[in-house]
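User: Please go through the labels used for this model one by one, and set each of them against its definition.
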Amino acid sequence: HAQNGSNLHAQVLFLLVELGGSACFLAAMKLNIAFPATGCQKLVDIEDERKLQGFFDKRISSEVPADSLGDEWKGYLLRITGGNDKQGFPMKQGVLTNGRARLLLRKGASCYRPRRTGERKRKSVRGCIVDSQLSVLNVAIVQKGEQEIPGLTDKTIPRRLGPKRAGKIRKLFNLSKEDDLRQYVIRRNLADRENGKKRRSKAPKIQRLVTPVVLQRKRRLASQRVKWAKKSKEENATYQKMVAQRTKEQREKRHERAMKRRTSSMRQSTSQK
């Protein structure tokens, strides 16, 4: 039975070689296309390898024209943002290979989330170069083309949360430093509660917001630093004075001992005479 199975496997391989192998080794890859301007995302199955030739041997962050994907993609420009291979290993920026590599990763590195403080772990990742072994390739639209893509560019998904940082709120509403940002925070309405209770809403805590309390803390810290510097200077002067006093005392003691030795030696010399 084992011999018959091996013969059948050899015959299948021979037929694939005779047919050129193109029917079996097509790069069935999915393109996860995102359009940040609208917040939409779409997953596209690509079965024809010829459409993917423009992406092969390109690195993460490379920009590729999407004309090869079809006529509806004419004029679109895509930027490669990542991907996963057929076994699920993610692509990592900076690994200049189209295969896998085992890297010792720590906190802050991509493709790794530490479970303990200070933990490091050796993980398998795929390089940042695109090839036919990928199952999903993540791309983002950098430049929009002529036609609309259904489900991607023809609708807009509103953002669930608004900006939280003070500078970004000013940029969104074109505000000046004199405007009160607390009046422009985007509030999120919560679901209606039962029993006729009042409808609630939530707002983010504004980060980097300059308030009188913040200015007061800043002035207090500045005055404390001046006090600390003055105190350190006084303590240093006291220490130097004490060191000088002790050095003077030690010098006087050494001088007294030297004088005693000199007088004793002179007495011994006179007594011997």
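**Labels and their grounds**

User: Why is Cys 40 called buried?

Analyst: Cys 40 has a relative accessible area of 3%, and buried means under 20%, with exposed over 50% and partly exposed in between, for a 1.4 Å probe and protein chains only, so Cys 40 counts as buried. This is a predicted model, in which local features need pLDDT of at least 70 and side-chain atom pairs count only at pLDDT 80 or more, while totals for chains, interfaces and linings use all residues. Residues are numbered from 1 along each chain as its sequence is written, and side-chain values use heavy atoms, with hydrogens and water left out.

User: What makes Cys 128 buried?

Analyst: Its relative accessibility is 0%, and Cys 128 therefore counts as buried.

User: How many disulfides does a search of the whole structure find?

Analyst: The search finds zero disulfides, a disulfide being a pair of cysteine sulfur atoms within 2.5 Å.

User: Why does Asp 131 count as buried, and which residues does Asp 131 touch?

Analyst: Asp 131 counts as buried because its relative accessibility is 13%. Leaving aside residues up to four places away in sequence, Asp 131 touches Met 29, Phe 56, Asn 98 and Arg 126, where contact means heavy atoms within 4.5 Å.

User: How do you know that strand S1 and strand S7 pair?

Analyst: Strands are DSSP runs of E with at least two residues, numbered from the N terminus, and two of them pair if DSSP finds at least two bridges between them. Strand S1 (residues 29-35) and strand S7 (residues 134-143) have five bridges in the parallel sense, so they pair by this definition.

Notes
Helix = DSSP H or I, 4+ residues; strand = E, 2+ residues; numbered from the N terminus.
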